[in-house]
Amino acid sequence: MAYWLGLTLLAFWQPKVELAGTFSIVAFDPKTGDLGVAVASRVLAVGAVVPYAQGGVGAVATQAFANTTYGPKGLALLRKGLTPEQVLKRLLAEDKDREQRQVGIVDAKGRAAAFTGKKCLPWAGHLVGKGYTVQGNILAGEQVVKAMAQAFESTKGELAERLMAALEAGEAAGGDARGKQSAALLVVRKGGGYGGFDDRYIDLRVDDHPEPVKELRRLLTMKLAWARLSEAARWRRKGNLQKAAEVLQEAVRRFPDQAVLHYDLACYLALLGRKEEALKELEIALQRDPNLKALAQKDDDLRSLRGNPRFEKLVR
């Protein structure tokens, strides 16, 4: 009797919404104009709910009992020239459930504002700094947002790397009190998307993973490495092979495990007539990814190396 009653209750009762217990950071980089959001949570696919951003406009994180209209509405109000504080007041004034919301907003001038409703589950709160805001709910404690702010302020590099460092610091400080499941990183830059057609410079999501923040770091490393490939290709299209090679030489120092960086660097060096250096980079590339041998055998960029005994041995 109790078993069938339980099945009946499960079939007809479902919670209206899953509370997005979350820690996130929203930030702006005045050097590049990049805007972004990094977020982690013990819910499935937090990246589908929390982060919103538009290049040259601003970024929004909406969480707790998340009102996802805050994202598009907030960006629309920023486009009209309202400050983040004004946007926040407008959004909250129209929302009867405002005390269950948590939101952070940063605009393209680096102005920031945040709100944590009184009914957000503890620990819940936020910190607003210069060009950023960190916020979280259902956290292990206040130390989570403090650690995120400190990491963001002290980390060098581009915005994506600083956001990632903040997320890692938040998790190390205890993160979501319920555990781990998903994480996401969104960074926008005007013309920074694929082929320059949109502003989604970095849009990475780990929807369900035992170590979502660590997995997000792995994906970000790959993404940043591939971004260097795109930068080098742009220099090549401009006819500057020397600059293309320099970009990838710096990239292989930063990301030495990425085989494709070594491969493309070998191609540029070969085109520049620097054959010994090219062979060295090609050898590293093929050691890291033997599947590249088939490409190397036919790649016109490596034509100057064909017939070289060392090259023929490498691609055999």
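**Note on helix packing and sheets in the predicted model**

1. Helix α2 passes helix α3 in a right-handed crossing, a crossing being right-handed if the near helix is turned clockwise from the far one by less than a right angle, and left-handed if anticlockwise. The contact, meaning heavy atoms within 4.5 Å, is made by Tyr70, Lys73, Gly74, Leu77 and Leu78 of α2 together with Pro84, Val87, Arg90, Leu91 and Leu92 of α3. Sorted by class, the residues of this contact are 7 nonpolar, 1 polar and 2 charged, where Ala, Val, Leu, Ile, Met, Phe, Trp, Tyr, Cys and Pro count as nonpolar, Asp, Glu, Lys and Arg as charged, and the others, Gly among them, as polar.

2. This is a predicted model, in which local features need pLDDT of at least 70 and side-chain atom pairs count only at pLDDT 80 or more, whereas totals for chains, interfaces and linings use all residues. Residues are numbered from 1 along each chain as its sequence is written, and side-chain values use heavy atoms, with hydrogens and water left out.

3. Helices (H or I, at least four residues) and strands (E, at least two) are DSSP runs, numbered from the N terminus.

4. Helix α2 also lies across β3, β4 (58-64) and β5, running at about 150° to β4. These strands belong to an open sheet of 4 strands in the order β3-β4-β5-β6, with antiparallel pairing, two strands being paired if DSSP finds at least two bridges between them. At its edges stand β3 (51-54) and β6 (112-116), each of which pairs on one side only, and the twist averages 5° from one strand to the next. Strand β5 (residues 101-107) is joined to β6 by 5 bridges, the two running antiparallel, and Val103 has Phe115 as its bridge partner in β6.

5. Another open sheet is formed by 6 strands in the order β7-β8-β1-β2-β9-β10, again with antiparallel pairing. Its edge positions are taken by β7 (125-129) and β10 (200-206), each with a single partner strand, so one side of each is left without a neighbour in the sheet. Within this sheet, 7 bridges join β1 (residues 22-28) to β2 (residues 35-41), which run antiparallel, and Phe23 has Ala40 as its bridge partner in β2. Helix α4 (residues 143-154) packs on the sheet, touching β1, β7 and β8 (132-136), and its direction makes about 155° with that of β8.

6. A further helix pair is α7 (residues 241-254) and α8 (residues 259-271), whose axes come within 9 Å and cross at roughly 150°; α7 and α8 are therefore roughly antiparallel to each other, and α7 passes α8 in a left-handed crossing. By class, their contact has 11 nonpolar, 2 polar and 1 charged residues.

7. The domain assignment, which is automatic or taken from a database, gives domain 1 (22-207) and domain 2 (225-315). The C-alpha centres of domain 1 and domain 2 lie 38 Å apart.

Conventions: Axes are lines fitted to C-alpha atoms, for helices over the stretch in contact, and angles run from 0 to 180 degrees between N-to-C directions. Angles under 35 degrees count as roughly parallel, over 145 as roughly antiparallel, 65 to 115 as roughly perpendicular and the rest as oblique.
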